[in-house]
There are 6 protein chains.
Amino acid sequence: MNQTVTFGEVLMRLSPEGNKKFIQSNRLEFYFGGTEVNVAISIANFGGKVRHVSSISNDFIGDTAISYLRKFGVSTSSIVRSKRPLGIYFLEVGAVMRPSSISYNRSHSSFSEIKPEMVDWDKSLKHCTWFHWTGITPALCEGGYLTLKEGLKLAQKMGVEVSVDPTYRSGLWKYGTDARETLSDLLNYSTIFIGGINEMNEILGTDYNYSNEDFIEASKQLLKEFPTIKKTFDKIRTPINASWHKIRSRMWNGNEFRETKDLDITHIVDRIGTGDAFAGGLIYGLQNFDDYKAMEFGAAACALKHTYEGDVNFSNVDEVMNILGGNTSGRFNR
Amino acid sequence: MNQTVTFGEVLMRLSPEGNKKFIQSNRLEFYFGGTEVNVAISIANFGGKVRHVSSISNDFIGDTAISYLRKFGVSTSSIVRSKRPLGIYFLEVGAVMRPSSISYNRSHSSFSEIKPEMVDWDKSLKHCTWFHWTGITPALCEGGYLTLKEGLKLAQKMGVEVSVDPTYRSGLWKYGTDARETLSDLLNYSTIFIGGINEMNEILGTDYNYSNEDFIEASKQLLKEFPTIKKTFDKIRTPINASWHKIRSRMWNGNEFRETKDLDITHIVDRIGTGDAFAGGLIYGLQNFDDYKAMEFGAAACALKHTYEGDVNFSNVDEVMNILGGNTSGRFNR
Amino acid sequence: MNQTVTFGEVLMRLSPEGNKKFIQSNRLEFYFGGTEVNVAISIANFGGKVRHVSSISNDFIGDTAISYLRKFGVSTSSIVRSKRPLGIYFLEVGAVMRPSSISYNRSHSSFSEIKPEMVDWDKSLKHCTWFHWTGITPALCEGGYLTLKEGLKLAQKMGVEVSVDPTYRSGLWKYGTDARETLSDLLNYSTIFIGGINEMNEILGTDYNYSNEDFIEASKQLLKEFPTIKKTFDKIRTPINASWHKIRSRMWNGNEFRETKDLDITHIVDRIGTGDAFAGGLIYGLQNFDDYKAMEFGAAACALKHTYEGDVNFSNVDEVMNILGGNTSGRFNR
Amino acid sequence: MNQTVTFGEVLMRLSPEGNKKFIQSNRLEFYFGGTEVNVAISIANFGGKVRHVSSISNDFIGDTAISYLRKFGVSTSSIVRSKRPLGIYFLEVGAVMRPSSISYNRSHSSFSEIKPEMVDWDKSLKHCTWFHWTGITPALCEGGYLTLKEGLKLAQKMGVEVSVDPTYRSGLWKYGTDARETLSDLLNYSTIFIGGINEMNEILGTDYNYSNEDFIEASKQLLKEFPTIKKTFDKIRTPINASWHKIRSRMWNGNEFRETKDLDITHIVDRIGTGDAFAGGLIYGLQNFDDYKAMEFGAAACALKHTYEGDVNFSNVDEVMNILGGNTSGRFNR
Amino acid sequence: MNQTVTFGEVLMRLSPEGNKKFIQSNRLEFYFGGTEVNVAISIANFGGKVRHVSSISNDFIGDTAISYLRKFGVSTSSIVRSKRPLGIYFLEVGAVMRPSSISYNRSHSSFSEIKPEMVDWDKSLKHCTWFHWTGITPALCEGGYLTLKEGLKLAQKMGVEVSVDPTYRSGLWKYGTDARETLSDLLNYSTIFIGGINEMNEILGTDYNYSNEDFIEASKQLLKEFPTIKKTFDKIRTPINASWHKIRSRMWNGNEFRETKDLDITHIVDRIGTGDAFAGGLIYGLQNFDDYKAMEFGAAACALKHTYEGDVNFSNVDEVMNILGGNTSGRFNR
Amino acid sequence: MNQTVTFGEVLMRLSPEGNKKFIQSNRLEFYFGGTEVNVAISIANFGGKVRHVSSISNDFIGDTAISYLRKFGVSTSSIVRSKRPLGIYFLEVGAVMRPSSISYNRSHSSFSEIKPEMVDWDKSLKHCTWFHWTGITPALCEGGYLTLKEGLKLAQKMGVEVSVDPTYRSGLWKYGTDARETLSDLLNYSTIFIGGINEMNEILGTDYNYSNEDFIEASKQLLKEFPTIKKTFDKIRTPINASWHKIRSRMWNGNEFRETKDLDITHIVDRIGTGDAFAGGLIYGLQNFDDYKAMEFGAAACALKHTYEGDVNFSNVDEVMNILGGNTSGRFNR
């Protein structure tokens, strides 16, 4: 069986119930998330073997975060503990034309002091066949970048598949590095690109548009400039409003372009972590199916995630396959 | 005033709040339900007089179930108590393309040991003018079948109206009887058939399709083979997804076919018990209005049920009439 | 900066969670509201300076109501305390074709005994530049009418802008006055009319229809009969059902008719207080922008209110401007 | 079997969870209560047959109150409906040295307009063998006094037992009657006096102290002045603080003085309705046991009530007998 | 490090919040427990390595139970899945003189069909150094008895320590075996006896009393009749009432009697699982400390468990040591 | 009227409901606190005029914190906003022998970057008659120390009363200053010392014990070494366990020693902020009563705080006076 390893910050998510704002509530729900850990749990829920590598606070909040990963069967044996507090994000869930609001408390978190010497990559990547990283990690802090690079070097040496979701967010990248340069450096260790036109333009310095034609051209250029990369996968979100989205996906695997039909998510329960659900589904799919079915699996996983509260995609393989089999009407059998 | 009697298992329903899964929650809401008791409560909420006959656990859970029926004014004087636990079902409420999930714990419940000698039908049917049963009861256990048959025999002798909702579920019927044979036996004591093409095909051994033409043909054949049956009523659900359905109904009363327009339920709150709400509304309607208005009343009651949490239709006559009167836009007067 | 003064009853709102009915719950959420106080809080949330004048119960419920106003920065220094209890309304939130239900307990509330001599209008209107009143206040009790009239007289003498939302509800007006006569009396102290065809017809004794042409004609007649009034603003609600509305607005400012496009509110969270959000947004808009932008601001504020639980519009200026800027798809930036 | 009838106001109780204050919460729990209805439900929970007579609001709050009585098996067939709102009390539960706080909203409630002609006493007292009233009812309003008196007259004529809990509260009695005179008038129709030295002193115009000697003297004088009264029962509360009380009881039945030992309630869950639990237990006891055991039963019922949230004593006969049998250590058997 | 293996039923626990009864609530909290699994989790929380062997339902409830064990780091790799539902117990938490009430739904649970051939003991006991069982398992069903015996035989062959908590409950043992005979059979494979005078009398057929002298005598006789047993440990509970207990422990290890002082638990949060917390603490203690300190550790762990909701002892080694170090006043350091 | 000014960090407090641990919950309650702000709110609840000076995050969490202060009537006009997140503390509430646990996330909070130039002390201290500070502020960061010193200098120049609660916590003071030296520096601007033997020993470098004699001696020495200080007030806590404490206080005002009797808090609801409640009560007392009554008022306020959830003392003057008047049994009047 594949053994996937993910690396990145674990965040505590705090939000009032339903659509409430903090100012009108005194009660919160909490979950744990973070883009890479969301991918890890999603794969574990599909039955995959996963280990997550991170630095987590050495207090009862950190204990709770670790128990949260364990609950889903994600291995926590490579997690290091820190005296700094766990990163947090506060979320007010929007509705209709009201956007959700997020406020972060992560700049001095337990993960922010990660250093290459803190992670034993040899042990962490033991038996690993797939490594997944995102652009959030090198954006957070130099230690994140350098530690990740060490892991990627070893992964490349081991010949394992390396997927990347570059998720470029300009609000991060504050510690004095150039986003494009840093991401480019790390892309050279990667084999599967999970991202859209925005990310490609950011990395290539181009301005392709959203058409399929441009997606193919951009993908070709990316595969040329980063020869380790073999395939690109893109997820396209069409928002009606904050409560109603459509999702489809498309791919270029070096010789074939394919795209899926829109899945219509008429009543969004929670939009957070849906991109990670796509990545998690896609990775599990690529480990078990052909490229197109993997992408379909990822898109259906992404759509299903919109129906769960929290950052995590709880769906299992049967539930995703049910969508692929055409049951998008939520019919249930007793 | 009519006195309706229902007979069947009372179930405890346990589900996490909102759309949560058990794995992400440690808090549940509970209600009581069961297809026949849902019908009973629905009729009681319309102001009808109803008695429910069942076997309920002799513990504080059973006490709570009985107080739940009493709360709605359903007579519990014919309920017997059992040393076995009350039947339970666990529910995870789906959304959009995610179906709801149900897990039952009922095979050794208090109802599962019902025996004809445990029910005093003479007393239970005193003043009764209408008896309602469903196909769930004979499917659960032989005692259910035999006890029901005793009640039906007496009801027929008393000349009361007998409505049946055969709700065929292949997952039940495990104790070694033939579903078709058993249902056919019991249909001979019944006068009103509340069911669709699937049930008719199952009973008649036919394969009619969903068209109105076939519905009429199937109904005619049913009335021929079961001469006590005088009318058939069908409710048609068109799901967009788990959160959005349309509902309409149609009937054959021996000489006239009628159908209602679709009611559009754009934001489903809870889908459980909506078929029972149709039956409850229809029965109350037939007791008070003509056939077509009764069916319209049932369809509107069914639509309204989608807006209440739990198994029970809370709507009263005015609220259903408001829909029949054309106010489907939820306008409210202060 | 403008200083707005509002006057009217503060109500406690009690409702079960989500779409539950009282009969199926033993838990409530409470907020405070009342049409004028909703306007006050809305303006305060936009950063405006507001004082609310009222009579509130002298118990821990009244203390809580006052702290609720203070929380949003509304000045409570002109509030008087009463031995009578605070007015209450109970709310069951509907869904789809099920209307919301309201039951009031306000006829002998702390506000119901308001008398002109209880309010020190000189002090209450100090520095005031804008006075807002609604037709609810004179409808509740004679003391409400007379006290309001004293305030309006002073406001007119001070030359401040006076906006009125006549919200005619026939269920009120029980203490023996003629609604039309009383409202007409008070309109003579007012300068901005926030209301639709229904209110105009009620006041003018006419029967204009909902067309733009009739709105213009009715407005012209209103401005003629009440020469202090300079502008009329109307908000038009198109309900699909209780969970899905569309909102637009139109205006006549004496020489120009304008209307906005529909805003589509596909998943209503809470419909209460949305008219007040329009008034609050419009007043803040008129204090800061031109007529059309003020109306657009009001309509967007109204639409946003549908996404918040409770009576209050929590949105700030940036959030409303975001809608005016065309982002109605709820996109959020991290 | 005995058929007990109670008469009095039903109140909705609203309180924040646990020990919270309204100002720090936005969530409430609600129950229904009222001193006479508490007695009624308590007797019903012991298996007694009870009917409650009252006037209740004709809205969904009133419907919920009625379903609450029905849930416990209390007959609601003699309840009349009113356009006025149901009476309410708000409660902040204290702890240790912090007293609980109560604020009432009942002066214009549905019960406040009760009139003799509204109650059909012949029908309400059909099959009645025991009538229970309290001093709250004549204190609330003249209609309460007069309606009660009609019922008492009929009860006396029927020769049924009449118990009274005079609970004198000086804060009530505002409508212009003399408490002592009114209570004395009604005591002439009563046979069992449930009250302490305070109530006796108030009625007799004496100043007996709390000693057993004085209790006996006062009882003797009471039985002399009100010859219909045959027995007096008193419940003595020794508070350590708001969270810790001791309870015992004593009696004079015309020829014998007895008292029970203190029951130590070290961790009070809810103190409301504990006096009513004593009355309910005592009445059920007098209907089934000798005087002393009835008093013991009442005291144990009272003690148990302190362990339930809400106004109602949920304990059944076995649970009270368990205390009488000496198990005050809360041992449980699986 | 020691590897402990436990074997027994996993139960879902369902209880209303706080001290509420089911009849007054519609909201439950759920946890998972069962005497052996409580011991397993307790040891895992001390940092011990533990595997739990059981049969769990193959539905989302079973998935949730497994994730619950994983959350605490208990290995679930030897758990088998069953088509039957998970066992359940309903709990109403008492207070003061009100006992807690429990109702079980376990007689046809997933565990009830356990058979020796379903458990791969060779794999389950791999690396095992300590096996723990209780008298609940052989009491539930014959399959439980026989499967346990297979495990014990192998454990004895492997020479591992075997602790037993016989917890005799006469309400169980219904499938037609003799409790004394069956327990005696299994005690021959055991080395550490965790139980009191009741259990010893039941097994030995004696009637020793609770004195230390009798405890020593009974222990001696037990060690004589069951020569594999080397030590006995007893936990003594002195209840003031359901909310206030005292706990101490005593031991006979073949040549020395010792006892600890009472720990005073003045405000019990949850009494369930406290015996299991003693066993868990004792086992961890015996694996790491001398006999007396192990017993002290167990008693302190037991006391601490009374302060946690649910079946599980959440305390870690530091927290227990803090009590042993004399800090029983709950002082905390920031 | 006095105008009190407080200065210090505002913290968000996050804790699971009741006695739950984070690992067993997914729901939190939040309040705001911080030692100085607790004092401010306490004084405001007594009717005092208070302004709090702080630096608060410029996000929706900061908005909520500010609205929290405003809710109690504390002036927030001198609060500055910061790009850093608000400080947080996570709390697990203990019980009996289980201590509460706290984990802080404050080292890089909005307050941690406070600088003297950020606070306009002239404006902040306008009309101020009393300044209160604690030892937490100079312990947190150098900016806290220097900013506070600026405020103290101005306060001294203005001749206002300056109270100090030095609360020495060795876990703070990490930025490289000497606690004793820094505190001593700031004590020279102070007039009222609210602290015990520990703090005096820390500041004086002595080792007085807890006896009254030593308290008097230490106080004399303190008043000698810090001649601006005129009085010392000490609050003595005697914990039985985490759920049961006793509280008394003592004072030396330069010529008189007095002490109060113990107040017995048998059932603690929340222990956080009780020291601040003493300080708040004492300050309000000193502003309105003589020294001894002020101390009594402070001790009663402190005791009452143990009965409220959250950091804040909600009690008003009447409620504290009720305790001083001898009603410590929580009796309530209706």
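A: A residue is buried if 20 or more other C-beta atoms lie within 10 Å of its own, exposed if 12 or fewer, and partly exposed in between, with C-beta atoms placed from the backbone. Helices (H or I, at least four residues) and strands (E, at least two) are DSSP runs, numbered from the N terminus. This is a predicted model, in which local features need pLDDT of at least 70, side-chain atom pairs count only at pLDDT 80 or more, and totals for chains, interfaces and linings use all residues. Residues are numbered from 1 along each chain as its sequence is written, while chains are lettered from A and ligands numbered from 1 in the order in which they are written.

Q: How many residues of strand E1 of chain D are buried?

A: Four of the five residues in strand E1 (residues 3–7) of chain D are buried, and the strand is mostly covered.

Q: Which strands pair with E1(D)?

A: Two strands pair if DSSP finds at least two bridges between them. E1(D) runs parallel to strand E4 (residues 49–53) of chain D, joined by five bridges, and Val5(D) stands opposite Arg51(D) there. E1(D) also pairs in the parallel sense with strand E9 (residues 130–134) of chain D, over three bridges. In E9(D), His132(D) is the bridge partner of Thr6(D).

Q: Changing topic, what rotation superposes chain A on chain C?

A: Copies are superposed by least squares on the C-alpha atoms of residues with pLDDT of at least 70 in both. A rotation of 120° with 0.0 Å of shift along its axis places chain A on chain C, with an RMSD of 0.0 Å. That is the relation of a three-fold axis. The C-alpha of His267(A) is the nearest to the axis in chain A, at 4.6 Å.

Q: How many residues do chains A and C give to their contact?

A: Two residues are in contact if their C-beta atoms, placed from the backbone, lie within 7 Å. Chain A gives 23 residues and chain C gives 19 residues. On the side of chain A that touches chain C, strand E8 (101–105) and strand E12 (231–241) of chain A are the elements that give two or more residues. E12(A) gives the most, with three residues.

Q: Why do the copies meet through different surfaces?

A: Only 4% of the interface residues of chain A are also interface residues in chain C, so the copies meet through different surfaces.

Q: Which residues of helix H5 of chain A are buried?

A: The buried residues of H5(A) include Tyr145(A), Leu148(A), Leu152(A) and Ala155(A). Among the elements that cover the buried residues of H5(A) are strand E1 (3–7), strand E9 (130–134) and helix H6 (179–187) of chain A. After H5(A) comes Gly159(A), whose phi is positive, near 75°.

Q: Finally, where is Lys293(F) found?

A: Lys293(F) lies in helix H10 (residues 291–305) of chain F. Lys293(F) counts as partly exposed because it has 13 C-beta neighbours inside 10 Å. Lys293(F) and Thr260(F) are 33 residues apart in sequence, and their C-alpha atoms are 9.8 Å apart in space.
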